[in-house]
Amino acid sequence: MKKNRLLWADDEIDLLKPHILFLEDKGFEVVTVCSGQDAVDCCKEQHFDIIFLDENMPGLSGLETLAVIKDLRPHIPVVMITKSEEESIMNQAIGSKIADYLIKPVNPNQILLSIKKNLHKTEFINQTATSGYQQEFGKIGMQINDSLTADDWKEVYKKLVYWDLELEESQTGMSDLLHTQKLEANRMFARFIKNNYQEWLDNSEKRPLISPDIFKKKVFPLLDEGHQVYFILIDNFRLDQWREVKDLLSDFFTYEEDLYYTILPTATQYARNSIFSGLMPVLIEKMFPDLWVDEESEEGKNLNEEPLIGTQMERFRKKYSFSYHKISESSYGERLVNNFNQLDNYQLNVIVLNFVDMLSHARTESKMIRELASSEAAYRSLTRSWFRHSATLELFRKISEKKCKVILTTDHGTIRVNEPVKVVGDKNTNTNLRYKVGKNLSYNPKDVFEVKNPEKLGLPSPNITSKYIFAMNQDFFAYPNNYNYYVSYYMNTFQHGGISLEEMLVPIINLDPK
């Protein structure tokens, strides 16, 4: 194994001989110099894995040496060692992106800890994560098999997401084991939904929180207490993506994290319209036929969100003023931020952010985006990059300054699909890969969750004989015509509309400004 090389610059280096012998005994190669200039010269000629700098040296000071080394070797971690506890020196050193800051006298174990923290952090994190998941594997398996309630499944999914993030960089094979466990969890979850979903719709008092309950149970109570509320819906936003970005909001908000169950199909036309109307889709169609758009229509399926919110406010006799904004491009988000004070005029501000949904569709259609989001981790990373560098983060900052309450949620999640299931439909069958609705569908009933009476599941019927089928697990529907091309095109793309933990169990976050 290649030895790690250390450079240690200190004008009293002879006094540190015991420390150096200790490090060499631990297997490190240590190069010592007595001045900042000598440290710079060494960095020009040799490679080092980490550098220790005394702050108070004759000639070039530690901070001056640090500046030169950062210019020469910006990626080498530098640890500053000083006798001074002056805050200004600490601030300068930290501002120069040092890796660590130690105050003399230092002992050998402090030095060793700093080295491990900077050079072997990822390795130790992976070892700890791997060991932790190995210990949890059996417990999670028992939870999957014993989950009998909606709350049980929420806990299972939270654990799976936790370990997905913990094992993200692991090269030990634990990620493959977790993937297998997620497959088993989704198989059992699909069975749970098939057995319980209709009962939830029949008994609103005993069901978990689902899409049409969001405003009634989460938004209206805050308005009734006199708060100004922002309801922000990020389309296609999963629990793992929320956990990827939540630290970006921690300077502005405290948060209370929960999950709710989105309705079927887990598609924008149904789930989001259900949130904004407070109704199941079949009731939207019956009560507000001019606001419901059929599957067969060429018209956009989410053009009536603002009037649907109005119908729910009126039905619950809520007289609160509200605004509605849909952000589908960065320029509109920037305009909303620039004119933010205009939102003060409304007690409720509803904002829909479409980036994550556009990302999932672009990943299907664009080879370049597929390369950029080639894995779940990369998909999360792109979400974080958008959240941080778009107007989104600034929007949240401005809301926190106004001391307003925020409900952050989504209409559905998404799952990466890789198992084709053959289905045949007529020309009027919808194009979604995770659910189909039509009157002439042909499929293997064992492969799907079939709904022969849509109204029982709160769904409209385009025709008298229409039925719905939903894909489960990581399946996606493929037509026999041109089958191989179709399968290769959609394999490993992110889709939604069906039954999975990732699609149905989605975050709903209460944010309180600090």
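Me: What makes Asp164, Glu168, Lys182, Arg238, Asp240, Glu376 and Arg380 a network?

Reply: In this predicted model, these residues are linked by salt bridges, a salt bridge being a side-chain nitrogen of Lys or Arg within 4 Å of a carboxyl oxygen of Asp or Glu. Local features here need pLDDT of at least 70, side-chain atom pairs count only at pLDDT 80 or more, and totals for chains, interfaces and linings use all residues. Residues are numbered from 1 along each chain as its sequence is written, and side-chain values use heavy atoms, with hydrogens and water left out.

Me: Why is the pair Lys182 and Asp164 called a salt bridge?

Reply: The N to O distance between their side chains is 3.2 Å, and the rule asks for within 4 Å, so the pair qualifies. Lys182 belongs to helix H8 (residues 174-202) and Asp164 to helix H7 (residues 150-166), 18 residues apart; helices are DSSP runs of H or I with at least four residues, strands are E runs of at least two, and both are numbered from the N terminus.

Me: How do you know that Glu503 and Arg434 are buried or exposed?

Reply: Buried means under 20% relative accessible area, exposed over 50%, and partly exposed in between, with a 1.4 Å probe and protein chains only. Glu503 has 0% relative accessibility and therefore counts as buried, and Arg434, with a relative accessible area of 0%, is buried as well. Their side chains meet in a salt bridge of 2.5 Å, N to O. Because Glu503 lies in helix H20 (residues 501-504) and Arg434 in the loop between strand S12 (419-422) and strand S13 (435-438), the pair ties together parts that are 69 residues apart in sequence.

Me: What makes the link between Ser331 and Glu329 a polar contact?

Reply: Their side chains are joined at 2.9 Å, and a polar contact is a pair of N or O atoms within 3.5 Å; within protein, one must be able to donate a hydrogen and the other to accept it, and residues adjacent in sequence count only if both atoms are side-chain atoms.

Me: Why is helix H10 called mostly covered?

Reply: In H10 (residues 239-249), 9 of the 11 residues are buried, among them Trp242, Arg243 and Leu248.
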